Each structure stands twice: as C-alpha cells, then as structure tokens.
Amino acid sequence: MKPFQRTTRPGLRELEDLAATIQASAVSAIGSDPGDVSAAAERHRTMLPEKMRSALGIFYTPPDVADRLLDDLGAAGARFDGSQVFCDPACGGGAFLLPIARRIVQRLPRSEDAAQTLARCLIGIDIDPGGLAITRAALNALAREWFGTVPRWNLRNDNTLRLAVEGRLPRADVVVGNPPFGRVRLSDLERTHFAGSIRGHANLYGLFVDVALAISGGLVGYVMPTSWLAGDYFAALRQLVATERPPTSVRFIASRRSVFMGVLQEMCLAVFGRTQRSVLTVFGDVDSHGGLTTRLRGAGPWFIPRRESDALLLSAASGSRYRLADYGYRVHTGPLVWNRHRDQLRASPSRGTAPIVWADAVRPAEQVDYRRSRRRLLHLMVNGMGHLLLDRPAVLVKRTTSKEQRRRLVAAPFGDPPAMVENHLNVVTSDSGAASVPVDLLCALLNSEPVDRIFRSLSGSVAVSATELVALPLPPPAALMRLASARNPDDFILAAYLRN
Ligand SMILES: C[S@@+](CC[C@H](N)C(=O)[O-])C[C@H]1O[C@@H](n2cnc3c(N)ncnc32)[C@H](O)[C@@H]1O
C-alpha cells in the first residue's frame, strides 16, 4: 500500500517512505546569499506534491525570521564564535545553518583549520534529501568564499525521530530550527519513548521539542505554532519544558507573515533554557524590541498576552477555576458526518425525517433556524440514528472560522429540538435543571470580545474544538446574572473576570 492511501495521519515509517521518493534536485549553482538560498529552497518545495509537503511539514523560514530567532538566542547566551555546536534537527534548505555559519565565519581566521572548526560547529539532519542538498551546496559556497576549501559537513539525511527512539541523536550546545508540525501516529515503542511529552495525540513539533532537550542541555530556539502554550494536548510538553528548560522568550509572528510563510496557524519564535523560572518575555512581532513580561504558572495552560492591553484579562482568566462543566454544560461535536449518510439526506420533510442544522445556519447570537442554510438537503431520514438527535435547548458553536473573521467564537442559541447537528458545529448542552447560566446568557458570553481574546490565546488556530471549549476559563456564574441588562456587555464581562 502506498503511503497515505490508508490514512491522513501518517506514522513515522510512512514519512520515511514518502521522503525516500523525493529526488534531490541539481543545486550546483547555489551561492551563499541567504536570500538566494531561500529562493532555491522555495523552488524545491513548490516542486514537491502538496500531500508530501504537508505530511513532512515542509515550509521554509524566511531569512529575516531566522535572523530574529538567532538574535533572540544570542540575547539568551548563544555564542556565534566557533565555541558552540549548533544542531538543526529538521534543517531543510539551511534557513538556520547558513546564517549561523555566516555569523561564525566573521569570527574565524581565513584558514583551512578554521573551515574544520566551522564544520564542527554545525549539525544538520533532515529526512528530505532535496532540502539537505541545498544546505550542503550553500555551506560549500560559503566555505569556498571564506576559506578556499570545503570541509566535511555533519549533514545527515535521516529521520530525526527515528534517531531519537534508537538513541542515536547527536549532542550539541544549542538546538535551533523550525520543526515540522502535524499529527502523527506512533507505534507503541515510539509512544513509550516520547511518553514524557505526549498527552493524547502526538504532534510532530512536540516530539521535536522533546528531541531538542535530548540533543542539548542548554538553549533551544524554535519556530513553532502557538497551540502548545495553552492547548490541552500539550500539557505534558509544557510540564516537561517547565521542569527542564523553561522558556525565556516568546515572539509572536504577525498573521500576515505566517500567511506569507504558507502557514494557517498562529506561529511564534520560542527560546527555551533560562535558569530563572516563571518569568517570560513576550514580544509582539519579529520587528518589536520592547517586551512584556509575564508569569508562567506551573504546566499552564499559559494564557500569554499578545498585546499589553490583554495582560490583565489573561492573568485573571488563568486564575479562574470556572469552566463550562462548572456552569452545568457538556460539549460534543455535531454527530452528522453527512457524506457517510448521503442516501439519508432529503430536500423536504416526511415521516421519519428530522431537520439538519448545517453550520451556515448559525449566526452570532441569533436563534438558530435550520432553514437559513444555503444547503438544499435540509432533512435526514433518521433510521437508526435517533439517539444522535439533539433533543434539548443548546448553544451551537462553529468549529471553523476564517482567519479574517472578527471573532473566533461564533455561538447561537438553539431552541427547536429535535434536530440532527452537522459535524462542523460544536454542541453545548446541559441536563435539564443542571445549568446555572441560561443558554442565552452563555451565548452572549461566548460571543463577547473578552472571551474571544482569551480563546485566541488558548487556541492559536482557526479551528474551535470541543476540547478547547471545555478548557476555556469563564467568570464565576453568579457574576453574570445581570449581563442581559448590561449597557456594555464586553465591559461587564471583563469586570466579571477581574472580580474573580
Ligand atoms: C518547517 S520545515 C523547516 C525547514 C528549515 N529548518 C527551515 O526553517 O526553513 C520542516 C523540515 O522538517 C523536515 N522533516 C520532517 N519530518 C522529519 C523527520 N522525521 N526527521 C527529520 N526531518 C524531518 C522536513 O523535510 C522539512 O525540511
């Protein structure tokens, strides 16, 4: 069976099989200018099939972003003078190794020995032979220019995660890079190896943080999605870094730049490895210098403000002990995966059908009316699916929004049971009499600006999962009772959090 015929969540073996099909391109014409090398890497990337790029997490770091992370590492104590070994365990086209080499050569004499010193300072590993060939060609060009000779580089075409499981990782002083991300399936042996950093689903970038801590006892600087800061699946990872290598700085990358990098998630530059605990410096973007400081509480979730005006709210939210469960609510995903039940979909109601609530029928705060959907097939022949019908009032929350949308959370009250809820919606329900906050108030809360700001720091992606809704910190229920008559609901909700 070819890789990816079976599943969209590959295992490590499938990633290896896939990478083995990549042909290294001809790269002899590459020089040592980071802009040119980045353009060559980009050409290589665009020649790969989309499925391969996304499975291997191949997108390359622009030179200015790489430089900023190296500066942040320098500020945390990394030395680019030939005295430290730097390892990029997913080095791609050399977006980090090349600028590190360019910094180091400035501090070395122009001799053959110095070329060997430079080679000892750099370790690169990548599963993609194409990316690695670009790195090698760029380093060759730099060494020829500076030293008139090309040393033997420590560049390996390998699966870093396999090296970790087999105890064959190199050692270095500093780990730097932009590891791949995406969920991955692990064998029992692999899961046991990474047990300290996984909770539930394994994500490639979490595994690469684990790997970095094994390669270096010192500094680590990574480009990463921000979901690890507060997401539930990353609790074990946060615990691990909080204990072993607490982060010293996090720099959020503005969304226009993430889009330019081809990423849909919010990204950050994180430096780990400080000795002083629980204080983190947060920077707004790649160009910003002044940073906020924030305290990290244990293994989190770490609600980290992206701007100064959020600091008070997020600090209050992270101290809140109230969640939807404390309001008497449960969350599940809408059960109807329509394409599995095509033959049960109907355009008009008849005996044995129930209305379908599609996601496009949900508009913020308006009572849900399933007939507002632009879909043609609004009814389902229920057959044996009666137990999946929504049979009570609920709050429906969209599971995806677009990046430009003003709010991540789009919630609407549903009061017209029974109905079948489609899979692009979350369903927030309670047993009768269990809810301490009525459905309408809960909707107003979820649609408010303060809750949206908290949610953004919890999630970092455009998806809204049931797990994240369950983890969302809320104000004490008693503080919300007069929300319906508040003149400014956002201010009222902010005050409710701060009173916590
Ligand atoms: C996001 S790209 C970053 C590349 C480069 N560090 C940069 O910043 O431009 C991730 C890289 O990880 C590599 N990769 C994915 N899975 C890997 C694995 N298991 N072992 C080693 N490299 C891997 C991909 O081939 C890709 O080059």
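In helix α5, Leu97, Leu98, Ala101, Arg102 and Val105 meet Thr135, Ala138, Leu139, Leu142 and Trp146 of α7; contact here is defined by C-beta atoms, placed from the backbone, that lie within 7 Å. The residues of this contact divide into 8 nonpolar, 1 polar and 1 charged. By definition, Ala, Val, Leu, Ile, Met, Phe, Trp, Tyr, Cys and Pro count as nonpolar, Asp, Glu, Lys and Arg as charged, and the others, Gly among them, as polar.

The model is predicted: local features need pLDDT of at least 70, side-chain atom pairs count only at pLDDT 80 or more, and totals for chains, interfaces and linings use all residues. Residues are numbered from 1 along each chain as its sequence is written.

**Helix packing**

- Helices (H or I, at least four residues) and strands (E, at least two) are DSSP runs, numbered from the N terminus.
- Two packed helices are described by the angle between their axes and the distance between the axes. The axes are lines fitted to C-alpha atoms, for helices over the stretch in contact, and angles run from 0 to 180 degrees between N-to-C directions.
- Helix α5 spans residues 97-105 and helix α7 residues 129-147; their axes come within 10 Å and cross at roughly 15°. α5 is therefore roughly parallel to α7, a description given to angles under 35 degrees, while those over 145 count as roughly antiparallel, 65 to 115 as roughly perpendicular and the rest as oblique.
- The crossing of α5 and α7 is right-handed. A crossing is right-handed if the near helix is turned clockwise from the far one by less than a right angle, and left-handed if anticlockwise.
- For helix α10 (residues 204-215) and helix α11 (residues 235-244), the axes come within 11 Å and cross at roughly 20°, so α10 and α11 are roughly parallel to each other.
- The crossing of α10 and α11 is left-handed. Gly206, Val209, Asp210 and Leu213 in α10 meet Leu237, Leu240, Val241 and Glu244 in α11; by class, this contact has 5 nonpolar, 1 polar and 2 charged residues.
- α13 packs with helix α15 (residues 449-459) at an angle of about 75°, the axes being 10 Å apart. That angle makes α13 roughly perpendicular to α15.
- Leu313, Leu314 and Ala317 of α13 make the contact with Pro450, Arg453, Ile454 and Ser457 of α15. The residues of this contact comprise 5 nonpolar, 1 polar and 1 charged.

**Surroundings of the ligand**

- The ligand is surrounded by 25 residues, of which the closest are Thr61, Ala90, Gly92, Ala95 and Asn178. A residue is counted as near if its C-beta atom, placed from the backbone, lies within 6 Å.
- At least two residues of the shell around the ligand come from each of β2 (122-126) and α8 (160-165).
- By class, the shell around the ligand holds 13 nonpolar, 9 polar and 3 charged residues.

**Domains**

- The protein chain is assigned domain 1 (12-302) and domain 2 (324-498), with bounds that come from an automatic or database domain assignment.
- The centres of domain 1 and domain 2, taken over C-alpha atoms, are separated by 39 Å. Their contact takes 10 residues from domain 1 and 9 residues from domain 2.
- On the side of domain 1 that touches domain 2, the residues divide into 4 nonpolar, 4 polar and 2 charged.

**Backbone features**

- Most residues other than glycine have a negative phi, and most peptide bonds are trans.
- The peptide bond from glycine 300 to proline 301 is cis, with omega near 5°. Proline 301 has its place in the loop between β11 (292-295) and α13 (311-318).
- A cis peptide bond also runs from proline 417 to proline 418, with omega near -5°; proline 418 is in the loop between β17 (411-414) and β18 (420-421).
- Alanine 365 has a positive phi of about 70° although it is not a glycine. The loop between β14 (353-357) and β15 (379-381) holds alanine 365.

Note on methods: Two residues are in contact if their C-beta atoms, placed from the backbone, lie within 7 Å.
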